[in-house]
Amino acid sequence: MSDRSFSVSMVASAVVLILGSFPSMADTVTESFETKNSHIDMGQADVSLFHYRQSSNLLAQTGVTVHPNVANADNAISIRGATNGIAVMQDNIFYSAAPYSAQNLVSLPNLFFQSSLSSNKQTNVGQGGQGSFGVLDYTTAVISERDTDTIVNIEIDEDGSPAGGLIVSGKTKEYGMLLGVDYQKSEDDAGFNTSFDDKHEKTDILFKINAGSLAGARNPQKTEFSYHFTDTRLDNSSIGLTENDFSLAPDKRYAATQLDYEKGKRQRYALAHQVNLSGSTMFTDFYYQSFSQEGQDTLFVDDQLINRQLLQQLSEFEKNPTAQGLTTNTAISDNDFDGFGVQTKGISMYGAHEVTYQARYHTDKAEIKVSQLDYFLGENLHLALQDTLYGVSDYTDEADAITSSVNTKLNYDAWSVNIGLGYEHVSVSRELGNNTDLMTAADFSDDGWLPAIEVAYQNDAWLFALSAKQAWTAASAGNSQQRAQEALQYQLALQYQQGAFVAGLSTYIHDFDNQHVTCQWGINCLPGQEAAQVNLKDVAVNGVDVNLDYSMTFDSFSIPMSLAYTYSQAEFGQTDCDAIIGCYRDGEQLPWVPEQQLSASIGVMMGQFSLVANGLYQTETGNAFTPGNYGVDSQLKVDLAAKYQMTPSHEFYVRVENLLDEDLVAKNYQMGMLQQTEMTTYLGYQGHF
């Protein structure tokens with residue numbers, strides 16, 4: 001579901017992301033296909049009534065491939081076959097605290113605080129190597145122009161689990177301020193034969209303050225400070241179920257996992273400055289962010305990595321426990337990530353033409369400490385501590401990156417030419433601590449160029465755009481071959497708009513010389529494997545994206561409809577085996593890329609009532625030839641939301657997730673089957689004052 005604006009440049013959109021809503025510098029048709037078909041305005045009537053705090057269905061509407069995950073956990077994504085080199089940005093700043101040093105981390109913002117979400121599925125030279133294979137861009141709520149503006153949201157699910165959010169903002173003549181707080185909590189019956197439940201708790205805080213020009217300033221300026229805090233606890237486990245247990249109770253968990261959990265605290269400080277000069281505008285950002293992660297994850301039985309045979313043993317023991325018991329072993333993580341950066345952007349106008357200069361210095365670090373605890377699972381199905389904590393892995397990765405780019409947009413009536421060139425130099429290192437016998441220290445650097453050219457033509461309702469780009473992402477410290485990820489990207493985009501009807505078609509080829517893969521897309525990895533990055537040679541990804549957007553309007557009601565369809569042929573270029581994927585064959589489909597993905601939405605808006613359904617369909621993923629990944633069959637997830645707008649300031653809504661109550665599989669791998677969210681109904685209220 002896209003927004004209704006049409007001729008907006010990607011550069012102008014990026015400018016808006018830095019300090020709220022500023023006028024675009026120039027209108028251009030270049031890359032407007034991506035803008036039109038991959039952007040979601042969270043305030044749209046057919047989007048806002050869902051009141052999502054997280055959703056794979058909403059992510060899929062931007063055109064990215066969304067990988068299933070367990071309830072309340074963030075979804076890993078891929079774009080046109082790539083899982084690395086995809087930048088998740090928030091207000092034009094990396095959302096991850098350590099995007100270079102911790103490329104296997106999966107973390108996404110709370111949608112309650114976001115005003116828009118968009119994706120770019122090709123190289124963005126301004127983002128450097130980390131955005132070379134795609135960008136997922138979030139924009140947080142802007143400070144209201146009113147004296148006081150308040151949004152209150154309260155909802156509860158069928159089990160009584162609450163969620164509540166508040167955003168208060170306002171502006172005086174010279175200053176503006178925003179404070180947002182959101183809290184979510186749930187306690188679900190995990191099917192334990194003990195008193196434990198699954199628990200999820202998350203607190204988000206967003207604070208902004210800005211000021212206009214100081215007295216006597218020669219040029220109009222604006223400065224904004226922002227602070228974002230997130231505290232999350234998730235009581236899930238990597239251990240799934242046997243196929244038989246899953247068919248009987250897909251949300252059940254084994255007693256061996258009752259102490260498993262993950263906690264994370266994330267903080268971000270950012271200072272953004274804008275100054276308008278004669279004929280140009282300058283933007284500068286300073287940012288620092290940190291993320292601390294703790295957790296406990298059962299991975300072994302009697303010091304053997306859990307596989308299907310040991311999983312069956314766990315299942316049988318649960319049904320008929322004995323005094324002999326079982327010894328389980330859990331990984332205890334205590335990790336810290338942090339990053340700092342300064343970036344600047346200048347946009348200059350030369351008549352109808354636009355030139356953008358960008359530069360960024362970024363440094364980040366990941367300090368990883370993993371230990372182990374042994375437990376005895378007794379006849380009463382409780383866990384008794386067996387031993388003291390002992391180390392398993394201890395290492396520190398660091399990275400420094402210098403990025404620069406220039407992007408020129410030349411507009412000649414109906415023609416637009418976009419020529420860009422980016423450069424990035426990255427230095428990475430790995431220092432080993434204790435218990436790292438299977439790991440290797442690293443200290444190397446690499447640099448790469450990112451050239452891009454695009455030619456577009458717009459005539460009445462039609463838009464044609466042809467692009468060719470070079471993508472490059474530096475290797476991480478865990479890449480034993482120290483090989484960068486590289487690919488040539490070609491795209492032909494067509495778009496037609498007539499009134500309320502918009503149709504888009506893009507065909508693309510991503511020809512990889514080398515592709516990176518880390519433990520993030522849906523397999524279970526040991527701590528040592530999570531530190532590794534493997535290379536795949538000669539991967540070829542070809543595909544077609546189709547977007548349709550139409551709103552039928554009648555006298556008393558309207559019917560908005562949208563569809564985003566992706567066909568991807570993503571194939572290995574050789575036959576080989578590695579430490580993460582396992583074994584694969586030349587010409588075989590990449591296991592994390594469904595051949596087809598369809599995201600669709602249809603609704604009815606009638607006066608004070610609204611009803612909308614969102615659906616996401618994916619063909620099967622995974623491959624039986626790949627050890628450790630047993631694949632996920634084709635799946636369909638449908639969400640439904642209804643809203644009653646009692647007054648302009650008060651609305652009540654109902655949201656049903658997984659309306660068909662399908663037993664959707666999140667992961668199916670050597671440690672069993674894990675379920676996505678079961679059908680859940682939410683009742684909510686939102687007020688705007």
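**Figure 1. Contacts of Asp235 in the predicted model.** In this predicted model, Asp235 touches Asp197, Asp198, Lys199, Arg253, Asp260 and Tyr261, leaving aside residues up to four places away in sequence. Asp235 sits in the loop between β12 (221–234) and α5. Its relative accessible area is 9%. Because buried means under 20% relative accessible area, Asp235 counts as buried.

**Figure 2. Helix α6 and the elements around it.** Helix α6 covers residues 308–319 and has 12 residues. At 1.5 Å a residue the helix should span 16 Å, and its end C-alpha atoms are 17 Å apart, which agrees. The buried residues of α6 are Leu310, Leu311, Leu314, Ser315, Phe317 and Glu318. Seen down the axis of α6, these buried residues fall within an arc of 165 degrees, so they line one face of the helix. An α-helix has 3.6 residues a turn, so residues three or four places apart point the same way. At the start of α6, a side-chain oxygen of Asn307 comes to within 3.1 Å of the backbone nitrogen of Gln309.

**Figure 3. The disulfide between Cys519 and Cys525.** A search of the whole structure finds two disulfides, and one of them joins Cys519 to Cys525. A disulfide is a covalent bond between the sulfur atoms of two cysteines. In the link of Cys519 and Cys525 the S to S distance is 2.0 Å. The torsion about this S-S bond is about -80 degrees, so the disulfide is left-handed. Cys519 is buried, at 9% relative accessibility. Cys525 is also buried, with a relative accessible area of 7%.

**Figure 4. The disulfide between Cys577 and Cys583.** Another disulfide joins Cys577 to Cys583, with an S to S distance of 2.0 Å. The link of Cys577 and Cys583 has 100 degrees about the S-S bond and is right-handed. Cys577 is partly exposed, with a relative accessible area of 46%. Cys583 is partly exposed at 24% relative accessibility. With the bonded cysteines of the protein chain numbered in sequence order, the pairing is 1-2, 3-4.

**Figure 5. Thr436 in the loop between β20 and β21.** Thr436 is found between strands β20 (415–432) and β21 (442–459), in the loop that joins them. The residue is buried, with a relative accessible area of 8%. Its side chain reaches the backbone oxygen of Gly433 at 3.3 Å. Not counting residues up to four places away in sequence, Thr436 touches Ser393 and Asp394.

**Figure 6. Ile77 and the residues it touches.** Ile77 lies in strand β3 (residues 77–78) and counts as buried, at 9% relative accessibility. Leaving out residues up to four places away in sequence, Ile77 touches Leu59, Val64, Thr65, His67, Thr83, Ile86, Leu136 and Gln520. Ile156 is 79 residues from Ile77 along the chain, and the C-alpha atoms of Ile77 and Ile156 are separated by 28 Å.

Figure 7. Asp91 is in the loop between β4 (87–90) and β5 (93–94), and Asn92 lies in the loop between β4 and β5. Most residues other than glycine have a negative phi. Phi of Asp91 is near 55 degrees, a positive value. Phi of Asn92 is positive as well, near 70 degrees. Asp91 is buried, with a relative accessible area of 10%. Asn92 is buried too, at a relative accessible area of 5%.

**Figure 8. Confidence along the protein chain.** The protein chain has a mean pLDDT of 89, and 93% of its residues reach 70 or more. Confidence is highest in strand β33 (residues 650–657), at a mean of 97. The lowest confidence is in helix α1 (residues 10–19), at a mean of 29. Over residues 1–30 the pLDDT is below 50. Beyond near neighbours in sequence, the stretch of residues 1–30 has 99 contacts in the model. Where pLDDT is low, the predicted coordinates should not be read in detail.

Methods. Residues are numbered from 1 along each chain as its sequence is written. This is a predicted model: local features need pLDDT of at least 70, side-chain atom pairs count only at pLDDT 80 or more; totals for chains, interfaces and linings use all residues. Side-chain values use heavy atoms; hydrogens and water are left out. A disulfide is a pair of cysteine sulfur atoms within 2.5 Å. Buried means under 20% relative accessible area, exposed over 50%, partly exposed in between (1.4 Å probe, protein chains only). pLDDT is the predictor's confidence in each residue, from 0 to 100. Helices (H or I, at least four residues) and strands (E, at least two) are DSSP runs, numbered from the N terminus. Contact means heavy atoms within 4.5 Å. The expected span of a helix is 1.5 Å times one less than its number of residues. The arc is that of the directions from the helix axis to the C-beta atoms. A polar contact is a pair of N or O atoms within 3.5 Å; within protein, one must be able to donate a hydrogen and the other to accept it, and residues adjacent in sequence count only if both atoms are side-chain atoms.
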